[in-house]
Amino acid sequence: MGIAKKFRQIFSTVPMLGWFLGILTAVLIEYYWGYDYISYYLGLPKIPVLFGALIMLKEPVMIPGALAYDLIVYVIPVLLVAKISSVFTNPGAALLEKLPLWLSAVIHLVCFYAILHLWAGINDYRVLVVKLTLVSIILTVSVNVINGYQGEFSCSHPGFMALGAYVSSILTLMLFTNDKIFGAALLPPGLGPFLFPLVLLAGGAAAAIGSLAVAIPSFRTRGDYLAIISLAFMFIVKSAIENLNIIGGARGMGGQPDLAPLPVIFFWTLLCIWVIHNFVTSILGKALNTVRDDEAAAESMTVKTRKTKMTAFMFGAFWAGIAGGLFAHVLTYINPGMFSINRLAEILAMVYFGGLNSIVGSIVGAVSINVLGEALRPLELFKWIIIPLILIFVMIFRPYGLISFTEINAKKLLEAKHKRQQGVSP
Amino acid sequence: MEPLIEYFYYILQNIINALQRGSFYAVISIGYSMVYGVLMLFNFAHGDIFMVGTYIGFGIATVFLAVLTGLVPPPVIFLATVVVTMFLASWIGVFVEVAGYRPLRQAPRASAAITGLMIGIIFETTILIMLGAKRLSFPPLMEKVNYHIGGIYITNVKAMIIIISLLLMLGLHAFIQKTKWGMAMRAMSYDFLAVPLMGVSINIIAPLTFAVGAGLASVAGILYGQAYPILDPYMGVLLGWKAFVAAILGGRGSIKGAALAGYLLGFIEIFVATVFPSTLRDFIAYSIILIILTFRPRGFFGMEHSTKLRL
Amino acid sequence: MTALLHVENMTHFFGGLRAVHNYNLNLAPRQIFGLIGPNGAGKTTIFNLITGVYTPTEGEILLENKNIKGLETNQIAAMGLGRTFQNLALWRHMNVVDHIRMAHYSQLDYGLFGAFFNSRACREQENQVRENADHLMELFDIEKYADDLVTSLPYGAQRRVEMARAMATNPKVLFLDEPTAGMTPDELVKMIRIIRQVHQDFNVAIFLIEHRMKFVMELCESIQTLVFGEVIAEGPPEEIQNNPRVIEAYLGKEDMT
């Protein structure tokens, strides 16, 4: 405990910009010397993709090498540069503080994206992992709207996701590609990237409309019965798609144009987080919490509970549909089996691991479960013992998840830290 | 006249099939319902407890068939398999309760649901690791005999499944109505809080309930193995979720409701398949459930939802 | 003088059970009105009927001459019926300031998309609400708890949060369901002061259910006594205090317990 506290004290003076600079240094080191020098001298076959986790688990002999790589490339440069640079990053952050908050946030995000792009660009596998993680973030945040903020145990998200994935895939296949099923492209494929947002919105809208099947029963019932209604909805969507041979049935549907490169997905993720954050911190969004905690009191305080429930479901489903659309265009192949119980377990794991009623929690949950899932891949089946065990422990010790009931405070996150040099806020 | 009679037999044949299918759902969904009555939450690991129970039954049956064949008549082997499997499987139930649910007594219900799901995944994976991906075949515990009554065919296995399931449910009914433990369970489903005050510890009743549910599920597993011998670590997911749906449909906490809804689900599935292509089975079954619950949100025998049951 | 809240011949059945029979009420603006009666007399039921939690089987309910019978609770609340609950109905995962903010729900009109994209209207209205909430919290002496979860507050403060929340809906009539239940004498005195102040500052009529005679006698201008769903006496406090039927009903109750 003592070391952790000391550590926090030392680095409490580093602003977000400082961390960015540190990470940028690490990424640049990896980019320029990672393969040619560092991996080579440490005896690693190639650049460790996910901090060496895969290598370590596959070949235990490599553990010291991989750890050394992490230390040399990541830990030391990040900490050193972050700390030293705080001399000038703090004034920089103070300068940015003078700008409007949104502008400062945009500048930070652009920096962040640049670093992420550079890091992921080192190989294709990393790009894929980052893309899927971002999609998971959208998905998890959207589930949190219903399961966390609104407090229902909804199991229908794979269904919403499937609706979004299929509707957007059908549209892109119809409009921008020469497809066996839908014939020649109706529009020049060059328009694809520009119309893709509309396609995604259509997918989201389809999911939102589909969610009415769950939202309307939620007026009269909640809890377990609603859980079953939502579960039934999920199975209905899945088996409906399986029976629709025109869109591939159980075999699935492939060949979607690659319209979802990393920047596009990053943009949608940010948009999703921003919109959902705005919503849940507004009074209209807090109405979700009142419905969860005491519906009768909510009604008496003029809250339109039916409208609120409907909003929560449609809004949550909409973003799940967007996530589905992106998912389909990342993998360029979907089948109904992808949107079933297994996906549900994964989604619930991410939400409840990260924390209810918290966007930060959802981001943490989505990133942890995704990265953990990829990192533990070499363990094959044992992965499916380790992840559930971790989740059980989280549930026992933090029943609402790791970071629950906490909202993003952009101002605090981005502020310069030199003012607080004397003490560490707990 | 002739087609009409044939049609009649056809219906009758399907009723028997539906009874067999419904028996599995009924016996498994009772396990969900019992746990609900006591702990006010669903044991999402129950489907996988059923699966593990089936594998235990498979192991016991294989051993007993190898050792005892010739020494004792087949019905005795069958009975011994059932009894030993029930005993062993009930410890799985106890384990799930003690390891997974007890630490979460005070936690939100959703956390317990997640824990249950995760325990289920651990069970599936453990079985996969231990036995590999090869599909095992449940050994037949009795010789299959076909009877031809009028226009319908019935095997002794089918008859046995239906009868044993009914006997199990009657036995459970007696247990709940007559014994001290059963009464405590009933009391707990009426009033969750009062029973501990009366000197019955929830830490005894809860594992007992899990044990009984797991025991029943394991017998359902043996019977299932006689009807559909191919074992699969994911069989619990398929049957379990449907039985769970039946438990809700019946009205949460209602054992009678769960059993009836289990049979209803069996009927829906079998009769849907007679009219529509079998690929539409899930679609129609779940649509019917969605409609029923939309218009009758409490299930058949359920209580009014209470404000206690939140997040 | 027209009544602010007018209830005429309201009768309600739960299944076959008659819970309220021929209930009449004329509440004048700025009046403090008490409803007393033994346990199970149907006092809270009357609250729930007027506020729209249940729809009465028979009868008329008029608020400022507008019929509110059959409307949804949130509509009735938005028209000017604020209330508190007998057993506190606070939102347990929410902090105090959010409670007060929430109760402004019906006064917002920036719409969902305003909320999604944090529109100018949204920001302005939310700031306005926040100011109003700060003011209310100060008035009810809960500003020091603003960022605390309600469940962590002392009991008296929770009651005050509930009242502040009810006042945030901008009511014309405030319904108080046993506002002093479970309070210590100190808190009770504070509550009387607060109710008086609310009455003065907000220009509301107050309709309260209460068990403690002393409290009712001190605050109310007029009192109804309810027994088995029927009003057996109505009038100013002194009259009620000496009414033989009221005494009988109350003594009878005390005999039983």
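In this predicted model, 25 residues of chain A are in contact with 31 residues of chain C. Two pairs of chains touch, and the pair with the most contacts is A and B. Chains B and C do not touch, and their nearest C-alpha atoms are 11 Å apart.

**Side of chain A that touches chain C**

- Four helices of chain A each supply at least two residues of the side that touches chain C: H11 (262–281), H12 (283–293), H13 (295–300) and H14 (305–331).
- H12(A) gives the most to this side, with eight residues.
- By residue class, the side of chain A that touches chain C holds ten nonpolar, ten polar and five charged residues.

**Helix H6 of chain A against H14**

- H14(A), which supplies residues to the side facing chain C, also packs with helix H6 (residues 124–149) of chain A, at an angle of about 165° and with the axes 9 Å apart.
- The angle makes H6(A) roughly antiparallel to H14(A), because angles over 145 degrees count as such.
- The crossing of H6(A) with H14(A) is left-handed.
- On the H6(A) side, the residues that meet H14(A) are A:Lys131, A:Leu132, A:Val135, A:Ile138, A:Leu139, A:Val141, A:Ser142, A:Val143, A:Val145, A:Ile146 and A:Tyr149.
- On the H14(A) side, the residues in this contact include A:Phe313, A:Phe315, A:Gly316, A:Trp319, A:Ile322, A:Leu326, A:Phe327 and A:Val330.
- The contact of H6(A) with H14(A) comprises 19 nonpolar residues, two polar and one charged.

**Helix H6 of chain A against H15**

- H6(A) also packs with helix H15 (residues 341–354) of chain A, at an angle of about 70° and with the axes 9 Å apart.
- H6(A) and H15(A) are therefore roughly perpendicular to each other, since angles of 65 to 115 degrees fall in that class.
- From H6(A), the contact is made by A:Ser136, A:Leu139, A:Thr140, A:Val143, A:Asn144, A:Asn147 and A:Gly148.
- From H15(A), A:Ile347, A:Met350, A:Val351 and A:Gly354 take part.
- Five nonpolar and six polar residues make up the contact of H6(A) with H15(A), with no charged residue.

**Antiparallel pairing of strand S1 of chain C**

- Strand S1 (residues 5–14) of chain C runs antiparallel to strand S2 (residues 17–27) of chain C, and seven bridges join them.
- C:Phe14 stands opposite C:Leu17 in S2(C).
- The hairpin of S1(C) and S2(C) has two residues between the strands, and C:Gly15 there takes a positive phi near 60°.
- S1(C) also pairs with strand S4 (residues 58–63) of chain C, in the antiparallel sense and over five bridges.
- In S4(C), C:Glu60 is the residue that stands opposite C:Glu8.

**Six-stranded sheet of chain C**

- Six strands of chain C form an open sheet with mixed pairing, in the order S6-S7-S8-S3-S9-S10.
- Strands S6 (81–83) and S10 (230–235) of chain C stand at the edges with a single partner strand each, so one side of each has no neighbour in the sheet.
- From one strand to the next, the twist averages 20°.
- Within this order, S3 and S9 are neighbours; strand S3 (residues 32–36) and strand S9 (residues 222–227) of chain C pair in the parallel sense over four bridges.
- C:Ile36 stands opposite C:Thr225 in S9(C).

How values were computed: Residues numbered from 1 in each chain as written. Chains lettered and ligands numbered in written order. Predicted model: local features only at pLDDT ≥ 70, side-chain atom pairs only at ≥ 80, totals over all residues. Contact = placed C-beta atoms within 7 Å. Nonpolar A, V, L, I, M, F, W, Y, C, P; charged D, E, K, R; others polar. Axes fitted to C-alpha atoms, helices over the stretch in contact; angles between N-to-C directions. Parallel < 35°, antiparallel > 145°, perpendicular 65-115°, else oblique. Left-handed = near helix turned anticlockwise from the far one by under 90°. Pairing = 2+ DSSP bridges.
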